[in-house]
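Please keep the sequence and the coordinates at hand while reading.

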Amino acid sequence: RDFIACRLQALGMEDGVQRHMREIELLHSAVVETRSGNTMDKKQTIDGYNVMCLVNSVVYAIVSFESLGACMDSTQMIIIQLENALKARGLLKVGTAVQRLHLWNIAMDCFSKALQYLKFAALPSTHPDMVRTRACIETAMLHPVRLVVRDSPDRLVLKYGAILKTGTGCPFAVPLELISHPGYGIVPMNPDSDFMASRGLFTFLGIGTSESSMEVKYDGDFITRATDGFVMNVSAGWLSEGVAMAVIPGPNNEQERRKHLKMTNGSRKFLINNDGTVSPTNSPDLVLGISKNPSLYLVDRYSPNRAIFKNVDQIINPANDESSENSNGDGIRLELQSHAPYGIVPITKPVAFGDKLQISFRTLGLGSVEDVLQVIYRNNKIIVRNYDNYLLALHFPGKFAGNGINMVGSTIPNWEERWFFKIWNRIVFKKYTDFAVNDDGTISPLDAPHLALG
């Protein structure tokens, strides 16, 4: 950190940050080249951690930066405002650089902090730095790639779809830039793969800056990431509208290739359509698209992107008898104080598991308060009264930043009253659906108070 601080003093804020971030990008490139692709080893984790530490050190040096020493009282406020503007520019440099490393959460935090510093600098909303910072925040608001109906206005159209469609006739990798969303492309939502024992390695896909677009090859079936051989996949094989897209380890030989083509409803086979859209081969009525509503995730409890809710006192302390099943009546509206005038809403249609229990879930995000969830809080469960008493739930059982938030239940009438679901809630759903409503207006997983919805 001392070295970084000295470099910022010697080269100036913008040049110093740019030089240091360029070196971190070179280090990151060297780390990526040593990865094996289909495995996750300890060295890979440590290398990624070191890159994160270096980025955090640059951010620390920026926020601690002082361009001038002691000054006269009459000019102190002007000096502070100038330093705040410089810090904002430095954070924009960091945020823009880490987007190329697919560190989207850090990028958003940097841009949000930059906006705060510009406000401290008393710059008008029309100032070029303010306009640029708000534009950067827009680029860092990742919208997950999901399946939509083919004629949806939210469908994605590839800029180089015709080239990719030639399949093995194209000798080079093609970036997944979008003509439907100029300046954007399909990107991995995490720099590294997540891992679950039941699913193996995976990385969800989203929409980010075009220069961060994933480069792929297409062989008529698989859309394969050029850097590591991961292939595009419909999450869990659910070929339904609203399901998220990911990349997972692909086949290493012809025998594995034939096996992969038949797995999970053919969820790894895709068609590049003549109009530049992309469909699952077994569901040509669906194409890749996005939800315009930002999705709800777990974030750091003190992140500037955490969700702070209105009416939290009414959720924690209902006005009528707390022991009554009808306490809170139709529920308290999950409107946001931190992101007014929005609230928490379902942003996808129900996705059913197709079993006898008729379990289904819907992904949650930010939307109009007209459709906001109305909830009650009982026994660590957040129960959605206006959506058949579905439960607020983590997408995955792990408590980690970036885990998505759903609501889960069953299409069976009065499902929550069935004895089986009562047992299920206590044993299986527990690791997904236990939450704490905090006094500061945030909502955290019960055993992970350092995280919150955001």
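Two strands are said to pair if DSSP finds at least two bridges between them, and the helices (H or I, at least four residues) and strands (E, at least two) are themselves DSSP runs, numbered from the N terminus. The model is predicted, so that local features need pLDDT of at least 70 and side-chain atom pairs count only at pLDDT 80 or more, whereas totals for chains, interfaces and linings use all residues. Residues are numbered from 1 along each chain as its sequence is written, and side-chain values use heavy atoms, with hydrogens and water left out.

**Strand β17 and its partners**

- Strand β17, residues 359-368, is mostly covered, with 9 of its 10 residues buried, where buried means under 20% relative accessible area, exposed over 50%, and partly exposed in between (1.4 Å probe, protein chains only).
- β15 and β17 run antiparallel and are joined by 5 bridges; within this pairing, I344 has L366 of β17 as its bridge partner.
- Strand β16, residues 351-352, also pairs with β17 in the antiparallel sense, over 2 bridges, and V351 has F361 of β17 as its bridge partner.
- A further antiparallel pairing, over 5 bridges, links β17 to strand β21, residues 405-410, and here T363 has N406 of β21 as its bridge partner.

**S410 in strand β21**

- S410 is located in strand β21 and counts as buried because its relative accessibility is 2%.
- Leaving out residues up to four places away in sequence, S410 touches L357, Q358, I359, S360, Y390, W415 and F421, a contact being heavy atoms within 4.5 Å.
- The side chain of S410 reaches two backbone oxygens, that of L357 at 2.6 Å and that of Q358 at 3.3 Å; a polar contact is a pair of N or O atoms within 3.5 Å, and within protein one must be able to donate a hydrogen and the other to accept it, while residues adjacent in sequence count only if both atoms are side-chain atoms.
- Although S410 and A352 are 58 residues apart along the chain, their C-alpha atoms are separated by 8.5 Å.

**Nonpolar cores and cysteines**

- The largest nonpolar core has 72 residues, and those with the most contacts inside it are I186, M232, M245, L288, L334, I344 and L453; such a core is a set of buried Ala, Val, Leu, Ile, Met, Phe, Trp, Tyr and Cys residues joined through side-chain atoms within 4.5 Å.
- Strand β20, residues 390-394, gives the most to this core, with 5 residues.
- Apart from this core lies another, of 34 residues, among them V17, V51, L92 and C136.
- Beyond its neighbours within four places in sequence, M232 has contacts that include L176, L205, M245, F270 and L288.
- With a disulfide taken as a pair of cysteine sulfur atoms within 2.5 Å, the count comes to 0 disulfides.
- C110 counts as buried because its relative accessibility is 2%, and C136 likewise counts as buried, at 11%.

**Helix α8**

- In helix α8, residues 254-262, the buried residues are R257, H260 and L261.
- These residues are on the same side of α8 because they cover an arc of only 100° around the axis, the arc being that of the directions from the helix axis to the C-beta atoms.
- The face turned away from the buried side of α8 carries the exposed residues Q255, K259 and K262, while β9, residues 245-249, is part of what covers the buried residues.
- N253 caps the N-terminal end of α8, with a side-chain oxygen 3.2 Å from the backbone nitrogen of Q255, and just after α8, T264 takes a positive phi of about 40°.

**Backbone geometry in loops**

- Most residues other than glycine have a negative phi, and most peptide bonds are trans.
- The peptide bond from A340 to P341 is cis, with omega near 5°, and P341 is placed in the loop between β14 (332-333) and β15 (342-346).
- N311, in the loop between β13 (298-300) and α9 (312-316), has a positive phi near 60° and counts as partly exposed because its relative accessibility is 32%.
- N379, which lies in the loop between β18 (374-378) and β19 (381-384), has a positive phi of about 50° although it is not a glycine, and it counts as exposed at 72% relative accessibility.
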